[in-house]
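Open the structure in your viewer and switch to cartoon view. We will go stop by stop.

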Amino acid sequence: MSTNTVSVTRGASPLVLSMPHPGTGLPGEVAAQLNARGRLVEDTDWHMRQLYAFAERFQPSIVEAQLSRFVIDLNRDPAGVSLYPGQATTELVPTTTFDGAPIWQTTPDEAEIIRRREAYFRPYHDALAAEIAHARARHGFCLLWDCHSIKPVIPRLFPGTLPTLNLGTNSGASAAPSVEAAAAAAMADSAFTQVVNGRFKGGWITRHYGQPAEHVHALQMEIALSAYLDDEAAPWTFAPAKAASLQATLSTMIEAAIAAATKLERSKP
């Protein structure tokens, strides 16, 4: 199923890949409000579907956004509550780039934000909730892997250079300990710089859907763009040779997390 808002591929396994930020689409009325910088949609999670092509071996369901996060951020609390109180971040409808550059000619007002929430936020989350429910009904549980990437140096958001791999489980609340531990152990075997529940602990998707007691284990993976792009600037070209070792690590991590979740769920009465 595909619309101009969200694309859904239903798989046959308990794995659901959520991709809320790879879209570059701009509805006409939104594009007209953006300034020239905003229309560059530079804070995109570039080439997520290509990066995660390896995951086809797991037969996942994939929920992929088609619109830019500048339209509305699908990984923010729809009530507008900050995910990281006291730290710089972007809003439900971003007003700036990650670097702090203004993106609007006409800043969306509250009525416009409400309109976008219904028109663009809700369809993605309706689709994601449906795929999670389908996986859980068919397999008894769901492993939700929320796919993200970001420039590794953004002084406004974090000091220094971000690790290449940033695994988040909302400080252990969104996945069972054994599932987090399995993914983290597989990550630790790689040569990439890494952290668990560091600057990025998981956004609204991880926090909202990750309910281990309800058989949904959610993990967010935030990846430094430098690990799979030729350059961290336009035209944001995918680098297959560079990406290969990253893809191998991600595949091992997902496989370990699925195995741990399967073992845990089958052990329950």
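In what order do the 7 strands of the open sheet lie? Keep in mind that this is a predicted model. Colour the strands and read across: β1-β3-β2-β4-β7-β5-β6, with mixed pairing. Now find the edges. They are β1 (6-9) and β6 (194-196), and each pairs on one side only. On average, neighbouring strands of this sheet are turned by 15 degrees against each other, ignoring direction.

Next, select helix α4, residues 177-188. This helix packs on the sheet and touches β4, β5 (165-168), β6 and β7. Its direction makes about 170 degrees with that of β6.

Now select β7, residues 216-224, together with β4, residues 142-150. The two strands pair in the parallel sense over 9 bridges. Zoom in on Trp 145: its bridge partner in β7 is Leu 219. Ser 149 stands opposite Ile 223 of β7.

Show the side chains of β7. In a regular strand, side chains alternate between the two faces of the sheet. Val 216, Ala 218, Gln 220, Glu 222 and Ala 224 point one way from β7. His 217, Leu 219, Met 221 and Ile 223 point the other way. Are these residues buried or exposed? All are buried. With 9 of its 9 residues buried, β7 is therefore largely enclosed by the rest of the structure.

Last stop: helix α6, residues 240-267. Select Gln 247 in this helix. Its relative accessible area is 17%, so Gln 247 counts as buried, the cut-off being under 20%. Among the residues Gln 247 touches are Gln 50, Leu 51, Phe 54 and Phe 238.

Terms used: Residues are numbered from 1 along each chain as its sequence is written. This is a predicted model: local features need pLDDT of at least 70, side-chain atom pairs count only at pLDDT 80 or more; totals for chains, interfaces and linings use all residues. Side-chain values use heavy atoms; hydrogens and water are left out. Two strands pair if DSSP finds at least two bridges between them. Helices (H or I, at least four residues) and strands (E, at least two) are DSSP runs, numbered from the N terminus. Axes are lines fitted to C-alpha atoms, for helices over the stretch in contact, and angles run from 0 to 180 degrees between N-to-C directions. Contact means heavy atoms within 4.5 Å. Buried means under 20% relative accessible area, exposed over 50%, partly exposed in between (1.4 Å probe, protein chains only). Lists of a residue's contacts leave out its neighbours within four places in sequence.
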